[in-house]
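Thanks for coming, everyone. Please look at the sequence and the model on the screen while I talk.

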Amino acid sequence: MRPLPGAPGVAAAAALLLLLLLPRARADEHEHTYHDKEEVVLWMNTVGPYHNRQETYKYFSLPFCVGSKKSISHYHETLGEALQGVELEFSGLDIKFKDDVMPATYCEIDLDKEKRDAFVYAIKNHYWYQMYIDDLPIWGIVGEADENGEDYYLWTYKKLEIGFNGNRIVDVNLTSEGKVKLVPNTKIQMSYSVKWKKSDVKFEDRFDKYLDPSFFQHRIHWFSIFNSFMMVIFLVGLVSMILMRTLRKDYARYSKEEEMDDMDRDLGDEYGWKQVHGDVFRPSSHPLIFSSLIGSGCQIFAVSLIVIIVAMIEDLYTERGSMLSTAIFVYAATSPVNGYFGGSLYARQGGRRWIKQMFIGAFLIPAMVCGTAFFINFIAIYYHASRAIPFGTMVAVCCICFFVILPLNLVGTILGRNLSGQPNFPCRVNAVPRPIPEKKWFMEPAVIVCLGGILPFGSIFIEMYFIFTSFWAYKIYYVYGFMMLVLVILCIVTVCVTIVCTYFLLNAEDYRWQWTSFLSAASTAIYVYMYSFYYYFFKTKMYGLFQTSFYFGYMAVFSTALGIMCGAIGYMGTSAFVRKIYTNVKID
């Protein structure tokens, strides 16, 4: 078969885009090994209010002065670094490996009224700044006010202590000194010193000082995992006992009915899930949207699983933006999963507009994420924040969607339609839908959907607190073993709950189980988003339009993605259960 024209070029472009996403451990500016007297670069990153972690601006947006040394340009190493607003600018300070620097002035600020007002505003809002030496982050405070809040002081002296082990930097500490009162029309001298000291810290362990074991490995964390695990054992036991016992009675009753003659069967009181066998495998309403959601949910689950495993093996927190870069790369690479499950389900439900389904499935999550990001980006541009995504990065993300995600999704859709797209249901679907009888209010699908997410949320909400704190506060999340356990527990609880809900629904002779199983599991997202409101108002001190829109915008994206994943997991488990029980029933 002759290859399509231009196919090698498209493949090469796709491969190049994926390679650009890979987090690189080394760059020409920091190979993490130094010779004596070799230049060490101090990068100035961002400055911003302490209580609004994501509201950051370029360091030199405040009227700090630059050292006399010639500037060095910096490029974004990864897409994740660019998306996270990492803006590295050269400090101009002359630092050499193992070469101490005595206290010296590196620049002078000519403080007029405008510059003083900028510093006063920063001090009032508790501005802090971030710097990097050899990828190690350093934090400092801009200044402080006196007790009465009338006079304001700027820290003018940066005292750096750098630890080395062999030819590698393993530790950096900053002490801010030289408190100078801010008085208009004066000159303020900025100074620094560098002290090198030998350290026993291994290079592989140099990030350990930034971790907080007392927080993440607290007894509450262990207790929450144990509590969720006990919930899983209880639920699995309950589901097994109730369903197996009930199903055994159902099978016995249905077998007895098989032995009756037609007259007795007509006079008998028939009820239960067997009565809807001719409608239970009827295609769901809106199959195109439904199959796209299931495919997207399966892909999100695959991405979550792979990224957590990679994070458990590799310390992704040691490289700027590496977690986001890895997630984007894995999402693009797992696009065939989306196409396979979504395309095969759509084919089994008799859908014919498979190309439209493929496009919706491929762009559902990217459109949601990019739409939210671009909306927040306009606010970031208005605020001149470093979180504003560069135009080139936007183009790169769009290219990934069109030249990587879409073709791979097409491959998955074709495979899904051909390998598992045949509707091999154990029961024949009736031509005319059966009328749904009236039932008690608590058996209505809307009630089941609202209640279905409570137990899955209960199994993860403690972990949500730790994840929120690591993202919205100043903690580095590193206990990915806990996260893997919570993901497994969430899957088991979700499947158990949706199976029980579906059994009760079918027993009430309501065959609308597809959307009910999906939405009852997806309702977990509603409780997570409600919890995010509690966290915002009672656990943080965030304020301002930018930080608030950033918080609630991305929490909506996170909750929606979690809901789609849980919905897909619930549907897949319930689908296997429904197929199993109807396979074991003898039907005329």
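Which residues does Phe-442 touch, not counting residues up to four places away in sequence? Phe-442 touches Val-447 and Ile-448. To find Phe-442, go to the loop between helix 11 (391-420) and helix 12 (445-452). Its relative accessibility is 40%, so Phe-442 counts as partly exposed.

One caution before we go on. This is a predicted model.

Now step back to the whole chain. The protein chain has 588 residues, and 50% of them count as buried. There are 17 helices and 10 strands. The C-alpha trace spans about 105 × 65 × 45 Å along its principal axes. Next, the contacts with a separation of 6 or more. Residues 24 or more positions apart account for 82% of these.

On to the domains. The chain is divided into domain 1 (36-204), domain 2 (217-245 + 440-587) and domain 3 (317-420). Notice that domain 2 is written as two segments, 217-245 and 440-587.

Taken over C-alpha atoms, their centres are 38 Å apart. Where they meet, 20 residues of domain 1 are in contact with 17 residues of domain 3. Between them the two domains bury about 1,700 Å². Carbon and sulfur atoms carry 55% of that area. Which residues of domain 1 lose the most area to domain 3? They are Leu-79, Leu-83 and Gln-84. Together these three make up 33% of what the domain 1 side buries.

What about polar links across this boundary? Five residue pairs are in polar contact between domain 1 and domain 3, both residues at pLDDT 80 or more. On the domain 1 side, the elements giving two or more residues are strand 2 (57-58) and helix 2 (79-83). Helix 2 gives the most, with five residues. By class, that side has seven nonpolar, eight polar and five charged residues.

Elsewhere on the list of salt bridges, Arg-320 pairs with Asp-135, with the closest N and O atoms 2.9 Å apart.

That brings us to salt bridges in general. Side chains of opposite charge can pair when their charged atoms come close. How many salt bridges does the structure hold? It holds 20.

Take Asp-36 and Lys-98. They form a salt bridge, with the closest N and O atoms 3.6 Å apart. Asp-36 lies in the loop between helix 1 (7-21) and strand 1 (42-49), and Lys-98 in the loop between strand 3 (89-90) and strand 4 (101-111), so this pair ties together parts that are 62 residues apart in sequence. Is Asp-36 buried or exposed? At 53% relative accessibility, Asp-36 counts as exposed. Lys-98 is partly exposed, at 34%.

Another pair is Lys-197 and Glu-161. Again we have a salt bridge, and the closest N and O atoms are 3.6 Å apart. Lys-197 sits in strand 10 (residues 186-198) and Glu-161 in strand 8 (residues 152-165), so the pair ties together parts that are 36 residues apart in sequence. Lys-197 is partly exposed, with a relative accessible area of 35%. Glu-161 is partly exposed as well, at 26%.

Glu-39, Lys-69, Asp-94 and Lys-96 are linked in a network of salt bridges. Within it, the side chains of Lys-96 and Asp-94 meet at 3.0 Å, N to O. Lys-96 is partly exposed, with 27% relative accessibility. Asp-94 is partly exposed too, with 34%.

One last stop, in helix 8. Thr-326 has its place there, within residues 322-333. Which backbone oxygen does the side chain of Thr-326 reach? That of Ser-322, at 2.7 Å. Thr-326 has a relative accessible area of 8%, so this residue is buried.

That is my tour. Let's go back to the model for your questions.

Notes. Residues numbered from 1 in each chain as written. Predicted model: local features only at pLDDT ≥ 70, side-chain atom pairs only at ≥ 80, totals over all residues. Heavy atoms only, no water. Salt bridge = Lys/Arg side-chain N within 4 Å of Asp/Glu carboxyl O. Helix = DSSP H or I, 4+ residues; strand = E, 2+ residues; numbered from the N terminus. Buried < 20%, exposed > 50% of the residue type's maximum accessible area, 1.4 Å probe, protein only. Polar contact = N/O pair within 3.5 Å; in protein donor to acceptor, adjacent residues only side chain to side chain. Domains from an automatic or database assignment. Contact = heavy atoms within 4.5 Å. Buried area = accessible area lost by both parts, 1.4 Å probe. Nonpolar A, V, L, I, M, F, W, Y, C, P; charged D, E, K, R; others polar.
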